[in-house]
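Visitor: I would like to learn how to read a model like this one. Could you take me through some features, one by one?

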Amino acid sequence: MAEEKKILVDKEKCIGCGSCVDIAEEYFTLGDDGKSEVIKDYDEADKDIVGEAIDGCPADAITLE
Ligand code: SF4
């Protein structure tokens, strides 16, 4: 069985810029606190778009573990 990866947003680091939401709205939304939240389980098929969101985060707040 393939190892499940999980997308994590570090809310201490997130500055609420919304870049990840613009890039991958399936995966991220801005919560009531104005910070990004993960709304979908990671699917390896989406690795390009998730990678883009990770690379595009100016605060380095998103990780895939
Ligand atoms: Fe937060 Fe990074 Fe998403 Fe911007 S791109 S909202 S800093 S997690």
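Visitor: Does Lys 6 count as buried or exposed, and why?

Guide: A word on the source before that: this is a predicted model, where local features need pLDDT of at least 70, side-chain atom pairs count only at pLDDT 80 or more, and totals for chains, interfaces and linings use all residues. Residues are numbered from 1 along each chain as its sequence is written, and side-chain values use heavy atoms, leaving out hydrogens and water. Buried means under 20% relative accessible area, exposed over 50%, and partly exposed in between (1.4 Å probe, protein chains only). Lys 6 counts as exposed because its relative accessibility is 54%.

Visitor: With which residues is Lys 6 in contact, leaving aside neighbours within four places in sequence?

Guide: Contact means heavy atoms within 4.5 Å. Lys 6 touches Thr 63, Leu 64 and Glu 65 in this way. By contrast, 19 Å separates the C-alpha atoms of Lys 6 and Gly 31, which are 25 residues apart along the chain.

Visitor: Which residues come nearest to the ligand?

Guide: A residue is near a molecule if one of its heavy atoms lies within 4 Å of it. Among the 13 residues around the ligand, the nearest are Cys 14, Cys 17, Gly 18, Cys 20 and Cys 57. Cys 14 counts as buried because its relative accessibility is 10%, and Cys 57 is buried too, at 12%.

Visitor: How many disulfides does a search of the whole structure find?

Guide: A disulfide is a covalent bond between the sulfur atoms of two cysteines. The test is a pair of cysteine sulfur atoms within 2.5 Å, and the search of the whole structure gives 0.
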